[in-house]
Amino acid sequence: APAAMTWLARRILAGTRRPIARAFSATSSSVSSPSADAAEPVDVCIVGGGIVGTALACSIRANPLTAHLTVSLADRAPPPASAWLDDPPPTPEPRVSALTPASVALLRDVGAWDRVEASRRACAFRAMQVWDAEAVGHVRYDASEVGATELGHVVENRVVHTALHEAARRLGVQTSPPAAAVALDLPADGGGDLATIKFRREGRDGGGDENGDEDGTPEIEEVRARLVVGADGPSSEVRTLAGLRAAGWRYGLKAAVGTVATDEPHRTAWQRFLPTGPLALLPVTEDGRVSNVVWTTTPEEADRLCGLCDEAFAAEVDAALRGEGRHSHGGQGEVGTGEGKRRRPGFVYGFEGQWLMGEAQERLVDVLLKPATEAAIRAVANGFGGAAGDDAPPPFEHPPRVVAAAGPRGAFPLATSLAGRYALRRLALVGDAAHQVHPLGGQGVNLGMRDVVSLTDALAAACANGGDVGSMLVLRGYADAANDANVPMMAALDGLQRLFASDQPLVAWARGAGLAGVNALGPIRRRIARYAMGGA
C-alpha cells in the first residue's frame with residue numbers, strides 16, 4: 001500500500017499545472033466598491049470554515065508568534081449558531097469524530113475544548129477492540145497500557161465546529177457573510193505580489209440593496225492576501241482554481257451513520273469487520289449510554305439501513321455486532337453458528353474447479369494453519385513475557401447490547417484522494433482539500449488537525465525569523481511535514497480496507513493471525529496505540 005501511494009503521488013505531480021487565474025467577468029457595477037477593492041490585504045485568507053479551517057484560524061491567532069497576523073475566514077455556509085450548543089437536542093447528531101489526544105490538545109490550546117466539555121456531549125473512550133467476522137482473532141487496546149486515561153474522545157462534529165467558531169470570534173478572526181470563491185490569481189515565482197481571491201456572495205435575491213445590484217447580479221468581493229489556504233473539503237474549489245489536481249478512487253461503498261442506545265454504559269470503541277466493511281460502535285455521550293454507529297456497506301444496504309424504523313435498525317446493529325443470524329460468519333466471539341458465512345471460492349477465475357480451490361483453502365487453514373499460528377503466537381508472546389502478568393494478551397470482550405435507536409440517519413459515499421502538491425507560492429491546502437481518507441479508524445479530522453499544527457508551526461518559524469509567510473521556502477517545509485505524517489496513515493487505512501474486503505480463506509486466516517499476533521505482543525500493541533493517538 002505505501003508503494004501504491006508513492007506511485008499515486010508521482011502520477012499527480014506529473015499532471016500538476018501551473019496556477020492560473022480563472023477567467024472572471026462581471027459588469028463594472030457588480031464589482032465591489034473602490035473602497036472595498038483598496039482595503040488592506042490580510043496576512044492569511046482561509047477558504048473553508050469547517051472544523052479544520054476554523055481550527056487553523058484559531059491556531060494562528062492563538063500562537064504567540066503568529067498572533068499579530070490578520071486572518072480572514074470565508075465559507076459558503078453560515079457559521080454554526082451558539083444557541084444550539086447552549087441547549088442541544090437530547091439525541092446526538094449522527095456525524096461524529098473520534099478525536100485523538102493530539103487533536104484534543106489543539107482544541108484546548110485555542111480555547112475551544114472547555115466549551116466542548118461543558119456541553120456534556122463528549123465521551124472519552126478508554127479502550128478499543130477490533131475483530132474479524134470471518135476469522136478467529138482480535139486485538140484490544142487499552143489507554144492504561146500507554147500511561148493515558150483515554151485513547152480519545154468521540155464528539156459530534158457540530159459541537160466541535162460551534163466551539164471552534166466561538167473561539168475564532170474571541171481571537172479576532174475576521175469573518176464575512178457566506179461567499180464562494182470564484183477566481184484566484186497567484187503571483188509567479190520570484191515576484192513580490194500578493195495572492196488575489198474573488199468571492200461571490202451566496203444567497204442573494206437581487207433586491208437591489210447593498211447586497212447586490214438592482215439587476216440581481218451578485219456582488220463580487222476581492223481579497224488580497226499574503227497566503228491563501230484551501231480548507232474547503234475534498235471537492236476543493238481553491239485547489240481547482242490553483243490548477244492543482246487530486247487523484248484517488250471511490251470504494252463503491254457507503255457509510256451509514258446513526259445513533260443508538262445500549263443496555264449498559266461503556267467506554268470502548270468497538271469495531272467489527274464484516275464482509276462489506278467495518279461496523280463501529282462509539283460511545284458519544286458523557287454517561288456512555290448513547291453511541292454512534294458507523295456501518296460501511298454497499299450503497300443499497302446503506303440506504304436500506306437508513307430507511308428502517310428505529311426498532312429494526314437497533315436490532316440489525318445488535319445482530320451484526322454480536323454475529324447473529326445472517327451476520328454470523330464464523331469469526332471471533334460470535335453468538336451465531338456461521339449461517340451467514342460466505343460460501344464463495346477463495347480464487348475466482350471463472351473455471352469449473354474454483355469451488356474446489358476454495359474448499360481446499362478452507363481445509364488448509366482449519367487443519368494446518370490455524371493450529372500452527374496459535375502455537376507460534378503463544379511462543380512469541382512467551383518470549384516477550386506476554387503469556388501472563390501485566391503484559392498478558394487482553395481477552396476478547398463482547399460489546400453491549402444495542403436496545404434502541406433514535407434521531408436521523410444518513411449515508412455518504414466513501415473515497416480516498418491525494419493532492420499532488422500541498423502548497424504553491426502563497427497557497428496551501430489542508431484537511432480534505434489535500435487528502436481524503438476512508439473513515440476506518442476515524443482519522444479524517446485528526447489528519448486535518450495535524451495539518452493545522454504543521455502549518456501553524458511553519459508560519460510561526462517564519463515570523464520568528466522575519467520571513468514571508470507565503471513564501472515557497474516556508475510552505476515547502478509545511479508540505480513536507482504534512483506529507484510525511486499523512487501518507488503512511490492513508491496507505492495503512494487503504495490497505496486495511498482492501499485486506500478486510502477479501503473473502504479468500506487464506507487471506508482471512510492471515511487477517512486473524514495478524515490481529516491475534518498484535519494482541520499477543522505488548523510492545524507492538526502499545527506502539528500502534530500511541531501512533532493512532534497522534535504520537536510518534
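Colleague: How many contacts beyond four places in sequence does the model have for residues 205-211, where pLDDT stays under 50?

Modeller: This is a predicted model, and pLDDT stays under 50 over residues 205-211.

Colleague: What is the mean pLDDT of the protein chain?

Modeller: Of the residues in the chain, 73% reach a pLDDT of 70 or more. The mean for the protein chain is 80.

Colleague: Are H3 and H12 roughly parallel or oblique to each other?

Modeller: The axes of H3 and H12 are 9 Å apart, and the helices pack at an angle of about 30°. Angles under 35 degrees count as roughly parallel. The two helices, H3 and H12, are therefore roughly parallel.

Colleague: How many nonpolar residues does the contact of H3 with H12 have?

Modeller: H3 passes H12 in a right-handed crossing. From H3, the residues Ile 51, Val 52, Ala 55, Leu 56, Ser 59 and Ile 60 meet Val 445, Gly 448, Met 449, Val 452, Leu 455, Thr 456 and Leu 459 of H12. By class, this contact has no charged residues and 3 polar ones, and its nonpolar residues number 10.

Colleague: Are H5 and H12 roughly parallel or oblique to each other?

Modeller: Helix H5 (residues 101-109) packs against helix H12 (residues 444-464) with the axes 9 Å apart and an angle of about 50°. An angle under 35 degrees would count as roughly parallel, and one of 65 to 115 as roughly perpendicular. H5 and H12 are therefore oblique.

Colleague: Which residues of H12 does H5 meet?

Modeller: H5 passes H12 in a left-handed crossing. On the H5 side, the residues in contact are Ser 103, Leu 106 and Leu 107. Those they meet in H12 are Asn 446, Met 449, Val 452 and Val 453.

Colleague: What is the handedness of the crossing in which H3 passes H7?

Modeller: Helix H3 (residues 51-62) and helix H7 (residues 157-170) have axes that come within 9 Å and cross at roughly 30°. They are therefore roughly parallel to each other. The crossing in which H3 passes H7 is left-handed.

Colleague: Which residues of H3 meet H7?

Modeller: On the H7 side, the contact involves Asn 157, Val 160, His 161, Leu 164, His 165, Ala 167 and Ala 168. The residues of this contact divide into 7 nonpolar, 4 polar and no charged. From H3, the residues are Ile 51, Thr 54, Ala 55 and Cys 58.

Colleague: Why is the pair of Trp 131 and Trp 270 classed as it is, and what is that class?

Modeller: The count of aromatic pairs comes to 3. In the pair of Trp 131 and Trp 270, the ring centres are 6.4 Å apart and the planes stand at 90°. Planes over 60 degrees apart count as edge-to-face. The pair is therefore edge-to-face.

Colleague: How many residues apart in sequence are the parts that this pair ties together?

Modeller: Trp 131 lies in strand S5 (residues 127-132), and Trp 270 lies in strand S13 (residues 268-274). The pair therefore ties together parts whose separation in sequence, in residues, is 139.

Colleague: What distance separates the C-alpha atoms of Gly 252 and Leu 414?

Modeller: Gly 252 lies in strand S12 (residues 246-262). Not counting residues up to four places away in sequence, Gly 252 touches Pro 299 and Leu 414. Gly 252 and Leu 414 are 162 residues apart along the chain, and their C-alpha atoms are separated by 7.0 Å.

Terms used: Residues are numbered from 1 along each chain as its sequence is written. This is a predicted model: local features need pLDDT of at least 70, side-chain atom pairs count only at pLDDT 80 or more; totals for chains, interfaces and linings use all residues. Side-chain values use heavy atoms; hydrogens and water are left out. Axes are lines fitted to C-alpha atoms, for helices over the stretch in contact, and angles run from 0 to 180 degrees between N-to-C directions. Helices (H or I, at least four residues) and strands (E, at least two) are DSSP runs, numbered from the N terminus. Angles under 35 degrees count as roughly parallel, over 145 as roughly antiparallel, 65 to 115 as roughly perpendicular and the rest as oblique. A crossing is left-handed if the near helix is turned anticlockwise from the far one by less than a right angle, and right-handed if clockwise. Contact means heavy atoms within 4.5 Å. pLDDT is the predictor's confidence in each residue, from 0 to 100. Rings of Phe, Tyr and Trp (its six-membered ring) pair if their centres lie within 6.5 Å; planes under 30 degrees apart count as stacked, over 60 as edge-to-face and the rest as tilted. Ala, Val, Leu, Ile, Met, Phe, Trp, Tyr, Cys and Pro count as nonpolar, Asp, Glu, Lys and Arg as charged, and the others, Gly among them, as polar.
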